[in-house]
Amino acid sequence: YPQIQGNFVALRSRGSETLGSDVAQLAGTPAELVVSDFGGGFIQNFYQIGLDASWEVDIWGKNRKRAQSAYHDLEATQEEPLAIQISLISDVATSYIDFRTLQNQIVAKKDQIVRQEELLALANSRYQAGLTSNRDVALAKARLELLNGTLPPLEDQLEKTIHGLAVFLGRPPECLEMDEGCIPQASGKIPCDLPS
């Protein structure tokens with residue numbers, strides 16, 4: 001759009017009595033000279049009015065492209081809440097799958113511990129009967145201790161996942177104590193022409 005600027009200047013000055021300026025010499029200036037009634041010297045009034053107008057012709061489309069860029073920035077800003085919502089849904093889904101995976105791993109690990117305890121009892125029985133050496137009992141006991149050692153880190157990781165999921169959902173972690181379940185499966189097929 002065109003830009004218009006204007007200004008107005010008004011000055012009034014009084015000359016010194018001791019200056020011997022000749023008023024007639026200043027007659028060619030645009031100032032209005034008035035002889036002072038208050039003693040020597042003269043009073044000079046100066047007025048100036050200015051008006052500037054400019055308009056940049058957008059030959060190469062700089063201003064048009066700047067306006068389009070601002071519009072696209074506005075559209076991007078309007079889509080940011082949707083991007084945050086999609087990211088939050090993705091984080092909730094990932095945390096929930098991790099939660100179910102850890103639950104299944106803990107169940108499987110507890111089953112392995114129960115079986116290893118049975119194997120240890122069997123190795124003890126065989127040793128008591130004199131059918132095997134003490135080495136089999138020691139191996140079964142070492143395997144049981146190894147399995148027992150892998151269970152607490154899984155339970156700690158499950159607790160952290162529950163707390164993370166609670167943060168995403170805005171609920172206290174106690175509300176998320178869910179029974180064991182399976183990992184959810186995706187329903188249907190993803191279409192081949194899906195842009196993402």
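This is a predicted model: local features need pLDDT of at least 70, side-chain atom pairs count only at pLDDT 80 or more; totals for chains, interfaces and linings use all residues.

Visitor: What makes up the secondary structure of the protein?

Guide: The protein has two helices and three strands, in the order β-β-β-α-α from the N terminus. Helices (H or I, at least four residues) and strands (E, at least two) are DSSP runs, numbered from the N terminus.

Visitor: Why is T132 called buried?

Guide: Buried means under 20% relative accessible area, exposed over 50%, and partly exposed in between (1.4 Å probe, protein chains only). The relative accessibility of T132 is 16%, so T132 counts as buried. T132 is found in the loop between helix 1 and helix 2. Leaving aside neighbours within four places in sequence, T132 is in contact (heavy atoms within 4.5 Å) with A123, R126 and Y127. Of the 196 residues of the protein, 16% count as buried.

Visitor: Why is V9 called partly exposed?

Guide: V9 has a relative accessibility of 31% and therefore counts as partly exposed. This residue lies in strand 1, and V9 touches F46, Y47 and Q48 when residues up to four places away in sequence are not counted. The C-alpha atoms of V9 and F46 are separated by 7.8 Å, although the two residues are 37 apart along the chain.

Visitor: What makes strand 1 hardly covered?

Guide: Strand 1 spans residues 3-14, and the count of buried residues among its twelve residues is zero.

Visitor: How do you know that strand 1 and strand 3 pair?

Guide: Two strands pair if DSSP finds at least two bridges between them. Twelve bridges join strand 1 to strand 3, so the two strands pair; they run antiparallel. Within this pairing, R12 stands opposite N45 in strand 3.

Visitor: What makes the contact of E56 and K62 a salt bridge?

Guide: A salt bridge is a side-chain nitrogen of Lys or Arg within 4 Å of a carboxyl oxygen of Asp or Glu. The side chains of E56 and K62 meet at 3.5 Å, N to O, so this is a salt bridge. By this rule the count comes to one. K62 has a relative accessibility of 45% and therefore counts as partly exposed.

Visitor: Why is W55 called exposed?

Guide: The relative accessible area of W55 is 59%, so W55 is exposed. W55 lies in the loop between strand 3 (42-54) and helix 1 (62-129).

Visitor: Which residues make the nonpolar surface patch?

Guide: W55, V57, I59 and W60 make this patch of about 610 Å². Patches are made of residues with over 30% relative accessible area and no salt bridge: like charges are joined within 9 Å, nonpolar side chains (Val, Leu, Ile, Met, Phe, Trp, Tyr) within 5 Å. Accessible areas come from the Shrake-Rupley method with a 1.4 Å probe; for residues, only the protein chains shown count as cover.

Note on methods
Residues are numbered from 1 along each chain as its sequence is written. Side-chain values use heavy atoms; hydrogens and water are left out.
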